[in-house]
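The model is shown below.

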Amino acid sequence: MNEDLLKVENLTTYLASRAGIVTAVDDVSFSLKRNRTLALVGESGSGKSMTCLSIENLLPQNGKVAGGRVLFKGEDLLKKSSKEMEKIRGREIGMILQDPMTSLNPLFTIGHQVGEVFRYHKNLRGEALKKAVIEVLEKAQIPAVAERLNSYPHEFSGGMRQRVAIAINVACGPDLLIADEPTTALDVTVQLQILRVLRELQQSSGMSMILVTHDLNLVERFADEVAIMYAGKIVEQGSVKEVFTRPMHVYTRSLLAAIPRLDEKVDRLRTVPGQPPSLINPPPGCRFAVRCTLADDKCRTEYPDWTKDGKQGHQATCWKAGEAIK
Amino acid sequence: MPENKTPTRSSGLAKKIQIVMAVSLLVIIILAALLAPFIVPYGPTDMSLGDSLKPPSWAHPFGTDSLGRDILSRTIYGARISLFVAFCAVFIAGTTGGILGIVAGYFGGFWDALLMRFADVQFSLPAVILALFLVGSLGPSLTNLIIVLSLANWARFSRVMRSEALSLRTRDYVLLSRLSGASHLRIMVQHIAPNAMGTFIVLVTLDVGIVIILEATLSFLGLGVQPPDPSWGTLIADGREYLSTAWWIAIFPGIVLMLTVLAGNTTGDFVRDKLSPTLSARW
Amino acid sequence: MFNYALRRVAQSLITIFIVIVLIFVIVRIVGDPTHIMLAPEATEADRQVLREILGLDKPLLVQFMRFLGDMLSGNFGMSYAFNQPAMTVVLDRVPETALLTFSALALATVIGIPLGVISAVYRDTWIDVVGKLFAVVGQSAPPFLFGLVFILLFSVKLGWLPTGGFEGPETLIMPALALGWYSAAGIMRLTRSSMSEVLESEYIKMAKVKGIPYHVVITKHALKNACLPVITFMGLQLGVLLGGAVSIEAVFAWPGLGSVILNSIAGLDYTVVQAAVTLIAIAFTVINLIVDLLYSMIDPRIQYA
């Protein structure tokens, strides 16, 4: 009975740049059920943020969705008008942005900025509005809320601002929360706190979450499913347990191998050398081939088909899925 | 909410065409000014009372004025004078103001504060009024005009060059120079000035248009270039009383003036995009 | 904040002092005013008597102190042409010029800001092209040229508006528009670039993520942040507009401060010129001071040490 809350099918997004048209998101498909967390993992430029912006139809001026469907509760979001999307955003779908230092308007108090969502989506005013604002800020675990309502964002630390952003986005009880690298700009000690807040909110409300990150430790702790993105495409996806214990794609395997472990003594950290390819004229074959230690001519010329493992949807696009890494 | 269109690359082309047109126009006008004596169909002061107030024709593309003088020839000579005055004034204001600004920004302290107060003095009066006051006091001659235009204009250069010097003087290579014993003069000449040159060029290009307009205003009011020398401003003033009967006397010089400043501003914007995009609109 | 204010006020006072000294010096350069003040038949002895009366034979420093003292009590000498105290002549004309200047500024703002916002929101569309054209034309010609073109078009050819003078709102329209176009262009460009920058910011993305209607995002969220630099710019425009007012007043026969300055220069009535220039310099130094202080108060983030 647990049907998909969100189903992304063959999503493709273009970005115009001075050098040409970049295919930032290339034929990406995944799905997410209720009360589940999907982690979207990749390095900078892999397309994870653009995917999220495409879902919300909030691409920058030089971007455009070129194809595919984004089915949310059965309806294609890409076909909706601006007005319809305005009703969905903030109410049914929330999104936390990466940098808390710039995502809050410096000229409005935080009480006002949180209150806006209640004002527009639930039509609250006056005392009811104030009460709702205090309530949701407390849920985001911000101390001494009542005195802080008239403070400005610059009076808060990064961690606090991110909590305000969380409060803003969960205020109306959304079904889906997209968290775009919510902790990347914060101290390590604060990171776990923020994610715990998110986890508790999720458990108490049953909302689904897309967690965009490049930190595999967070994925392991907080996500149910994971999709690994590289150069605009999803190269491996499945449940976190399966992907982490039986990774197929060489890229995934290299990422996992690169995580330093406390019980190992190493002289040098393992890295994955090289750079992702240009997305204006991507190579015909596997895009990771240039950096891959196992790649052969077939890898370079033929884009790999999906190789499946198990029955829970674990799959990867890699010709070398079974081979051991040298 | 505006829908995102499929991104294209054609907007870059439009911009390129603009720049080419602007620079070409500028080159044509400057060449015309330089070669004026050789290319004008009539002398700028040649009168022909029988031909007075004639509308534009093949013989006189810009028409004639009340004394039968050919407007086209006078306009070309006007370019000569207006551009000469503008370039001189910008050069003087730019180098003087720029050098003062660099020295002030580099050394800081009392002299810096003093210079800034003098700059404030220039900023406390609108350029036109300051220029009127000075010309009114010193007397209207071509030399005085150039001096006055420089005096009404130098502070802008000082301010910008000063802030350039302020930010450049803390650079590592400057500190290294000091440690190796270079004199302040050497550092300013070898390190500060060359690195500030980009911004300086932007300022100069954008300033020419401003000075052309300022000179035209003064000449229009009778306190700039003096008759019989033609400047665009005096030509427009000549045409003023004939606006209803012989509009071409004032309008054609006006159009040429506008096109010149337009070309200059477009070129200046382009230069700024390339050399110093962060230069704020305030200066 | 207080220290900053104190510093700025001190700077302004120094600037005003330098202005006064310079005006004093320049007036001395102009020469001996006794030649103008007396009839041409007056003898040198007469002039010497007048010099003693005016105190022109005293040492320069004494003259300066007297000058300063006179100025502080509002005495700028007598206007020969009007036979009134120079400052009275000047102050008499201020309202007309103020009306012209502020009307031009108001028009420039009312046209420039919306045009800039629309250009930013509909960036790179034909609307933006029209807006940029408006701005580019406005900054390429002196105001008096616009004035003449307007007269040619609207008075001579179409007969809609009077060619000049000072009676009723019809005589204000063309001068204010001609004067204000240059400022409108600058305001439009600044608004456009400021707005474009703000629209790309993260907090605007956040506002959209919240589902706030787009027109509210633009007018409430973006505009408030974008108009900070525009406000200081507007303060600076007053100076530009006053400068342009001189030639506009000449073109449209508008009886203001600009035309009185021009006439006084032509008529060698230097006390009036001196009074006007001093008044304007002090007024603008004070205006710049106020604008700077206001700016630091509007933005809650700015803490001037």
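## Fold of chain C

Along its sequence, chain C runs α-α-α-α-β-β-α-α-α-α-α-α-α-α. That amounts to twelve helices and two strands. The model is predicted.

Chain C is more spread out than a compact globule, because its radius of gyration is 24 Å, well over the 19 Å that the globule rule gives for 305 residues. Along the principal axes, its C-alpha atoms fill a box of roughly 85 × 60 × 30 Å. Of the 305 residues in chain C, 43% are buried. Take the contacts in chain C between residues at least 6 apart in sequence: 75% of them join residues at least 24 apart.

## A helix pair in chain C

Two packed helices are described by the angle between their axes and the distance between the axes. In chain C, the pair is helix H5 (residues 86-121) and helix H8 (residues 170-199). Their axes come within 5 Å and cross at roughly 35°. The crossing of H5(C) and H8(C) is right-handed. Residues in this H5(C)–H8(C) contact comprise 21 nonpolar, nine polar and two charged.

## Interface of chains B and C

Which chain does chain B touch with 36 of its residues? The partner is chain C, which contributes 44 residues to the contact. On the chain B side, five elements each supply at least two residues: helix H4 (109-123), helix H5 (127-138), helix H9 (184-220), helix H10 (232-240) and helix H11 (248-275). By class, that side of chain B has 24 nonpolar, eight polar and four charged residues.

Note on methods
Residues numbered from 1 in each chain as written. Chains lettered and ligands numbered in written order. Predicted model: local features only at pLDDT ≥ 70, side-chain atom pairs only at ≥ 80, totals over all residues. Contact = placed C-beta atoms within 7 Å. Helix = DSSP H or I, 4+ residues; strand = E, 2+ residues; numbered from the N terminus. Nonpolar A, V, L, I, M, F, W, Y, C, P; charged D, E, K, R; others polar. Rg over C-alpha atoms; globule rule 2.2 N^0.38 Å. Buried ≥ 20, exposed ≤ 12 C-beta atoms within 10 Å, placed from the backbone. Axes fitted to C-alpha atoms, helices over the stretch in contact; angles between N-to-C directions. Left-handed = near helix turned anticlockwise from the far one by under 90°.
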